[in-house]
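I opened this notebook to keep track of what I looked up, one topic at a time.

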Amino acid sequence: MNYTYMLRCSDGSLYTGWTNNIEKRVKNHNRGKGAKYTKARLPVKLAYCEKFSTSSEAMKRESKIKKLKKSEKEKLIIDFERNENMERIESFSINHLKLLPGLYVSRKDTFNDVVITTFDIRITRPNIEPVMGTAAVHAIEHIGATYLRNNSKVKENVVYFGPMGCRTGFYLILNGDYESKDIVELIKDLFNFILEFNADIPGATAIECGNYSDTNLSMAKYYSDKYLNEVLLNIKKKQLNYPK
């Protein structure tokens, strides 16, 4: 991992740099081994940091920040501190580079002593495979939600079914305390239903939907078939539990 950072010097001024080891770099600055500028203004503390996959991205960002006015840099720092103080969303702690297509428990919440389980129905591999097109996602959402809310076994427990913003899968929220293995058959039935579906997509009219024309049943079937064959029909333990 590579980082673009700003340090707050003892005189209140700011120093901008980049590194591939942020903790070591800050320590070196405070030992007087980081840069001439900071050596004369010790101690320094980390005021701002951005992560990048490559060193070239970090260096480009460093160059851009150095060209900012001090007031603009201070605004970046304020926004950074605000974000750092916010509680991190649990799903962001999952290493998506290790995440395989699968069926996972994303989280469990309790309301009035009732457990609500959120499932991660991951159809494509994040940042490795292309994401699903919006039209396919939209079709799966309409057909899938309709199927689940008409399924006599679970309809009373269905809270929500809808797409992830990254377009690599869907969330299903059920009223109850479940594990991934508990709903494998349900999700098989869901995607088999979409695969065999040949009628008009439910709710896909101008009166019923805000973007009704953006649906693609053929691609919805393609992703349903892919998910069934690559995941559900022979699901493995590593596809039921998030990577460590």
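**Entry 1: the model.** I noted before anything else that this is a predicted model.

Entry 2: I looked up the strand order and found 2-1-3, in an open sheet with antiparallel pairing. Strand 2 and strand 3 (45-52) are the edge strands, and each of them pairs on one side only. On average, neighbouring strands here are turned by 20° against each other, with direction ignored. I then checked how strand 1 (residues 2-8) is joined to strand 3: the two run antiparallel and share 7 bridges.

Entry 3: Which strands does helix 1 lie across? I found that helix 1 (residues 22-30) lies across strand 1, strand 2 and strand 3. Relative to strand 1, helix 1 runs at about 35°.

**Entry 4: aromatic pairs.** I counted rings next, and the structure holds 10 aromatic pairs. I wrote down one of them, Tyr15 with Tyr37: the ring centres are 6.3 Å apart and the planes stand at 25°, so this pair is stacked. The cut-off behind that step is that planes under 30 degrees apart count as stacked. Tyr15 belongs to strand 2 (residues 14-19) and Tyr37 to helix 2 (residues 36-39). The two are 22 residues apart, and the pair links distant parts of the chain.

**Entry 5: a cis peptide bond.** I looked at the bond from Leu42 to Pro43 and found it cis, with omega near 0°. Pro43 sits in the loop between helix 2 and strand 3.

**Entry 6: Glu74.** I located Glu74 in helix 4 (residues 70-85). Which residues does Glu74 touch, leaving aside those up to four places away in sequence? I found Arg8 and Leu14. With Arg8 there is a polar contact, side chain to side chain, at 2.7 Å.

Entry 7: I started with strand 4 and strand 5, which run antiparallel and are joined by 9 bridges. Leu103 has Ile121 in strand 5 as its bridge partner. The two strands form a hairpin, with 2 residues between them. Asn112 is in the turn of this hairpin and has a positive phi of about 50°. I went on to strand 5 (residues 114-122) and strand 7 (residues 169-175), which run antiparallel with 7 bridges between them. Here Arg122 stands opposite Gly169 of strand 7.

**Entry 8: helix 5 and helix 7.** At what angle do helix 5 and helix 7 pack? I noted about 80°, with the axes 8 Å apart; helix 7 covers residues 217-230. The two helices are therefore roughly perpendicular to each other. On the helix 5 side, the residues that meet helix 7 are Ala136, Ala139, Ile140 and Ile143. Helix 7 brings Leu217, Met219, Ala220 and Tyr223 to this contact. I sorted the residues of the contact by type and got 8 nonpolar, no polar and no charged.

Definitions and conventions. Residues are numbered from 1 along each chain as its sequence is written. This is a predicted model: local features need pLDDT of at least 70, side-chain atom pairs count only at pLDDT 80 or more; totals for chains, interfaces and linings use all residues. Side-chain values use heavy atoms; hydrogens and water are left out. Two strands pair if DSSP finds at least two bridges between them. Helices (H or I, at least four residues) and strands (E, at least two) are DSSP runs, numbered from the N terminus. Axes are lines fitted to C-alpha atoms, for helices over the stretch in contact, and angles run from 0 to 180 degrees between N-to-C directions. Angles under 35 degrees count as roughly parallel, over 145 as roughly antiparallel, 65 to 115 as roughly perpendicular and the rest as oblique. Contact means heavy atoms within 4.5 Å. Ala, Val, Leu, Ile, Met, Phe, Trp, Tyr, Cys and Pro count as nonpolar, Asp, Glu, Lys and Arg as charged, and the others, Gly among them, as polar. A polar contact is a pair of N or O atoms within 3.5 Å; within protein, one must be able to donate a hydrogen and the other to accept it, and residues adjacent in sequence count only if both atoms are side-chain atoms. Rings of Phe, Tyr and Trp (its six-membered ring) pair if their centres lie within 6.5 Å; planes under 30 degrees apart count as stacked, over 60 as edge-to-face and the rest as tilted.
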